[in-house]
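Please look over the model below with its packing in mind. The notes that follow are grouped by topic.

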Amino acid sequence: MGDTGELDAVFAETVRRTGASIGALYLLSPKEQVLCLDAFCGAPAEFAAPWARVPTAARGPVADAVREQRMVWVDGQQELAHSYPRTAMVLPYPLILVAAPVTGVRTWGALLLMWPDSRPSHMTGRERGLIASSCGRLARLLEEAVAHGGSPACGDGPRVVSPGTGRRSLSPAMAAADFVERLPGGSCALDLEGRFTYVSSGACELLGREAGRLLGTLPWESLRWLDEPSHEDRYRAAVISREPVSFTACRPPDQWLDFHLYPDPSGISVRIVPSGTRPPPVPAPSRSARTAAPARAGRLYQLTHLAAALTEVVGVQDVIDLVADQIMPAFGAQGLVLSAAEAGRLRITGHRGYDPQTIERLDGLPLDTAFTPAGRALTGGVPSFFSRPEEMRRVYAEAELVSGKQAWAFLPLIVSGRPVGCCVLSYDSPHEFTSEERAVMTSLAGLIAQALDRARLYDTKHDLAHGLQQALLPRTLPEVAGLRVAARYLPATRGMDIGGDFYDLIRLRDTAVAAVIGDVQGHNVAAAALMGQVRTGVHAHATLGTAPGQVLSRTNRLLTDLAPDLFTSCLYAHLDLAGRRATLASAGHPPPLLRLPDRDTRPVTVAPGPPLGVDPDAVFPVTEIPLTPGLLLAFYTDGLVETPGVHLDDSIARLAHHLAQADDRDLDLLADDLLKHVSTAGQRTDDIALLVLRYGG
């Protein structure tokens with residue numbers, strides 16, 4: 001985006017003025033629905049690795065803030081674990097956070113702020129106003145950058161912004177004063193990256209190393225006896241929770257030392273004393289800090305986060321997006337090829353970082369191919385790692401030329417001894433695969449294989465059900481003089497199956513038609529099949545000239561005889577265009593909306609009977625309304641109006657208000673506009689059927 005100085009200054013000022021310990025600025029990628037971490041303040045960038053790229057559809061504070069355009073406040077670890085369990089996995093520390101959308105002329109991204117849980121658990125009006133104002137300032141700066149030719153986008157990684165950015169830098173004397181202030185008897189200091197910035201002579205003596213060999217290094221790298229994951233986790237706990245923590249370590253051969261860490265926004269002061277010596281007083285945290293994890297902290301949390309994400313994917317495209325958006329960045333890879341085993345060949349289902357010609361050359365290779373290492377990896381079930389082109393060239397000369405990459409990890413995807421596919425991560429420059437990295441990649445390959453296998457089964461099942469439903473819906477609607485019609489069907493965007501919503505328009509005579517809309521309980525093949533039976537039953541009885549109430553009664557008896565264990569809501573309307581009358585009967589279905597020529601819009605009061613398939617002797621009352629030229633009727637299923645936490649009557653009233661304002665000159669555009677009324681930011685958990693009719697005028 002070019003010069004980010006002013007943006008970073010406003011971002012850092014917001015972190016300081018709110019008293020936050022950590023801040024993160026996310027920008028919305030212009031090419032994909034992903035939020036990318038652009039700037040990070042108060043901790044090392046590696047801390048944010050598990051959530052450096054956040055899909056806008058994901059369940060998390062940042063994504064929710066952008067999707068729902070609201071401030072998301074989480075008042076502690078307990079609420080975080082309850083509302084956002086995946087986020088809690090990678091932030092297992094006592095903290096409070098808020099995520100707010102950065103919105104101006106459009107949505108640019110989100111601001112995330114974190115505090116220790118020692119602060120009050122509620123947000124004041126002043127704090128809310130300050131955060132909202134800061135988001136507005138950030139949005140204006142981004143808009144100005146675009147106006148001057150900039151382009152906010154996902155970069156190679158987040159910028160680490162110092163909390164002091166934008167204000168006068170402190171002199172060395174002031175920095176020393178800060179150090180003395182926060183350290184009871186001080187021995188050494190670490191920056192937020194964990195590197196030594198000051199080491200006293202007493203600390204050098206206890207640690208057994210000269211200051212020159214320690215300054216600028218990480219403790220667990222320069223002092224091998226501190227290379228224990230639990231020690232690193234204590235440092236991470238101090239940085240994130242901003243609470244003092246302690247641990248004990250043994251300097252070989254037998255000298256035990258107590259380490260007391262005192263964090264603040266500029267770094268960590270560390271007091272080191274021989275074990276058994278009375279330590280300086282440590283302020284009691286408001287809630288006990290989490291005990292150390294018995295594994296390399298950063299990598300463990302990241303692996304746990306990715307594993308949890310893989311359990312939530314549904315379709316094959318979800319697997320591809322997750323691997324590309326979260327697993328690729330986690331390992332710093334620039335290329336991805338994900339293949340599925342089909343009919344003895346590797347069919348590429350998704351890729352990133354490769355041109356179409358390369359993908360065409362690699363697609364469809366046999367499972368036992370010798371052209372790339374994928375064949376050997378699948379046959380032996382053992383991953384292959386190539387750190388540089390020479391290693392690949394010695395065995396697979398052509399593959400290295402076709403790929404154009406410099407390092408590769410070939411991960412076989414195997415489930416119960418059966419090859420599911422292959423995942424290839426590649427790099428634009430040579431890359432050394434550490435033993436830890438190889439172990440994590442191998443573990444993730446098993447999880448990816450399970451996820452891909454489930455996803456392929458889901459896609460097959462979904463395509464079957466969706467194809468069945470599409471075959472049962474009317475391909476076209478009849479043209480009737482004096483009546484304009486538009487219809488829409490939208491499947492759910494989330495969930496394992498499809499629904500049983502349907503609509504129909506049945507020509508009865510030249511001047512009479514029947515409009516039908518219904519919703520079968522359930523979301524599976526059985527629901528789609530029952531929907532076809534209901535639609536056929538209604539159609540058969542309607543074309544015999546049966547009255548509306550009797551159409552539903554006879555269809556109801558048919559369903560109770562079939563005993564499908566599913567019930568169906570249905571609304572049937574007989575429109576007598578010559579007599580200018582409409583007769584309606586309802587089987588537990590939401591009321592249609594009526595818009596008069598003067599735009600007065602309201603739900604039609606229809607006396608409802610029970611849903612079809614419940615009571616074989618049910619009676620379905622009828623309601624008559626006059627048809628006046630210019631009158632508009634909208635029939636819909638509950639997926640269009642049901643919103644969690646909102647009363648159904650209120651949702652219907654909102655839809656009626658929206659319909660009253662809509663332009664009805666083109667019913668197709670009007671139908672599309674009504675569908676946009678659905679919360680477009682969120683995912684639909686139910687399918688939607690819509691039928692709009694306009695009489696004369």
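Contact here means heavy atoms within 4.5 Å. This is a predicted model, in which local features need pLDDT of at least 70 and side-chain atom pairs count only at pLDDT 80 or more, while totals for chains, interfaces and linings use all residues. Residues are numbered from 1 along each chain as its sequence is written, and side-chain values use heavy atoms, with hydrogens and water left out.

**Nonpolar cores**
- A nonpolar core is a set of buried (under 20% relative accessible area, 1.4 Å probe, protein chains only) Ala, Val, Leu, Ile, Met, Phe, Trp, Tyr and Cys residues joined through side-chain atoms within 4.5 Å.
- The largest such core has 60 residues, of which Tyr26, Trp51, Leu112, Phe259, Leu261 and Ile272 touch the most other members.
- Leaving aside neighbours within four places in sequence, leucine 112 is in contact with Ile22, Gly23, Ala24, Tyr26, Trp51, Val62, Leu97, Val98 and Ala99.

**Helix H20**
- In helix H20 (residues 667–676), the buried residues are Leu667, Leu670, Ala671, Leu674 and Leu675.
- These lie on the same side of H20 because they cover an arc of only 140 degrees around the axis, taken from the directions from the helix axis to the C-beta atoms.
- The face turned away from that buried side carries Leu669 and Lys676, which are exposed (over 50% relative accessible area).

Technical notes
Helices (H or I, at least four residues) and strands (E, at least two) are DSSP runs, numbered from the N terminus.
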